[in-house]
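Colleague: I have this chain open for the first time, and I would like to go through it with you piece by piece. Could you put it up so that we are both looking at it?

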Amino acid sequence: MTSTTENFNNLNEFQNVKYLLTSSMRTLILVVLYNESKNLNEIRDELKKPSATILHGLKELESDELIKKDKKDYSLTSNGYLLATNVIKLIDNWYSIEKNKIFWNNHDLRGIPDDYLNKLYLLKDAKFVSSTTSDLSNAYNSYVELISTSRELTIILPIYSENHFNNLIKLLKENQLISLTILINSKILKNMRRNRYLKKSLLENRKVTVIETREDLKIFLTFSEKFMALTLFFKDNHYDDSQMLIDKHENALKWSKGVFNAYKGDNDYE
């Protein structure tokens, strides 16, 4: 795995990003041209900036071979497109973190693989759900409602919770769930095997696939064909079921599958 220090040793990439971010105009121009080429008037209308200011930025980017001009139209070069892609991801990551900063600031993030901490922009549409003093079960009830509408569920389960087990068993018995995949650590799995009811209703159920890991899991991740739900641990190592991120967008499902496969050891997913 590449360390953060090794990434920063790639000075050309770092200097390019720094070069863009030190000028809002250069950054804005690359973002404006990201999806299609535009002429000066179109760029000016979108940015609402004087032509002279825009032209100065265009000339800088053109001299650095990040954009090119064809007659009156400006477009990104291949290098410009790659750099713009990374800048947009950086902006979206920042937005995603800032939007739900209470959730991210309150929890231990070490349960999220590094490659997917760098892809939090995929969760920029996530909704923060929190329990309150007047409704201590708000987050949990929201979760139960979500899983009750699903046909297939995949779960990274870091805790031994009879409430969660009973909800899953109920859905299986009612044929609401046709497929359940649970990734769980060896200690919890051992305790489940000691419980005859859980052993028979979950572990020996043909609809259920159990994947065992030796890792001390610090992430509770659930996703289906319709949603993703994420809860984490406090920094003092206690599990928090009072705050949750819920997302029903395709990007969040992509992120969830990637995290799950990283834990499962299947690194082919992109």
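Colleague: Let's begin with Lys207, then: which residues is it in contact with, leaving aside its neighbours within four places in sequence?
Modeller: Bearing in mind that this is a predicted model, Lys207 is in contact with Leu172, Asn175, Leu177, Ile178, Ser179 and Leu180 once neighbours within four places in sequence are left aside.

Colleague: And where is Lys207 found?
Modeller: Lys207 is in the loop between α12 and β8, the latter covering residues 208-213.

Colleague: Is Lys207 buried, partly exposed or exposed?
Modeller: Lys207 counts as partly exposed, because its relative accessibility is 24%, and buried would require under 20%.

Colleague: What separates the C-alpha atoms of Lys207 and Ile112?
Modeller: Those two C-alpha atoms are separated by 27 Å, and the residues are 95 apart along the chain.

Colleague: Let me step back a bit: how is the chain divided?
Modeller: There is a domain 1, covering 11-84, and a domain 2, covering 107-264. The C-alpha centres of domain 1 and domain 2 lie 43 Å apart.

Colleague: What does UniProt place at residues 139-264?
Modeller: The UniProt entry, which is unreviewed, places the feature "domain: Methanogenesis regulatory protein FilR1 middle" at those residues. Over residues 139-264 the chain is 42% helix and 29% strand, with the end C-alpha atoms 27 Å apart.

Colleague: Now the inside: how many residues does the largest nonpolar core have?
Modeller: The largest nonpolar core has 30 residues, and those with the most contacts inside it are Leu157, Leu168, Leu180 and Leu202. Elements that give two or more residues to this core include α9 (138-147), β6 (152-157), α10 and β7. The element that gives the most to this core is α10, with 5 residues.

Colleague: Which residues is Leu157 in contact with, beyond its neighbours within four places in sequence?
Modeller: Leu157 is in contact with Phe165, Ile182, Leu183, Ile184, Ile188, Leu217 and Phe220, when those neighbours are left aside. There is also a second, separate core of 25 residues, which includes Leu120, Leu122, Ile156 and Phe223.

Colleague: How many cavities of 30 Å³ or more does the count come to?
Modeller: The count comes to 1 cavity of 30 Å³ or more, and about 70 Å³ of space lies in the largest cavity.

Colleague: And which residues line the largest cavity?
Modeller: The largest cavity is lined by Tyr140, Tyr143, His164, Phe220, Ala229, Leu230, Thr231, Tyr239, Asp241 and Met244. At least two residues of the lining come from each of α9 and β10, and β10 gives the most, with 3 residues.

Colleague: What lies in the loop after that, between β10 and β11?
Modeller: Asp236 is found there, and Asp236 is partly exposed, with a relative accessible area of 49%. The C-alpha atoms of Asp236 and Asp108 are separated by 8.2 Å, although the two residues are 128 apart along the chain.

Colleague: One more aspartate, then: where does Asp92 lie?
Modeller: Asp92 lies in helix α6, residues 78-99, and Asp92 counts as buried because its relative accessibility is 18%. Leaving aside neighbours within four places in sequence, Asp92 is in contact with Tyr121 and Lys124.

Colleague: Last one: is Ser75 buried or exposed?
Modeller: Ser75 counts as buried at 19% relative accessibility, and it lies in strand β3, residues 73-76. Not counting residues up to four places away in sequence, Ser75 touches Leu33, Ser37, Ile67 and Lys68.

Key. Residues are numbered from 1 along each chain as its sequence is written. This is a predicted model: local features need pLDDT of at least 70, side-chain atom pairs count only at pLDDT 80 or more; totals for chains, interfaces and linings use all residues. Side-chain values use heavy atoms; hydrogens and water are left out. UniProt positions are given in the numbering used here, feature names are shortened, and annotations may be inferred rather than shown by experiment. Helices (H or I, at least four residues) and strands (E, at least two) are DSSP runs, numbered from the N terminus. Domain bounds come from an automatic or database domain assignment. A nonpolar core is a set of buried Ala, Val, Leu, Ile, Met, Phe, Trp, Tyr and Cys residues joined through side-chain atoms within 4.5 Å. Buried means under 20% relative accessible area, exposed over 50%, partly exposed in between (1.4 Å probe, protein chains only). Contact means heavy atoms within 4.5 Å. On a 1 Å grid over the protein atoms alone, a cavity is a set of points where a 1.4 Å probe fits but cannot get out, and a pocket is an open set with protein on both sides within 12 Å along at least five of seven lines; lining residues have an atom within 4 Å of a point. Grid points are joined across faces, edges and corners, and a volume is the space filled by probe spheres set on the points.
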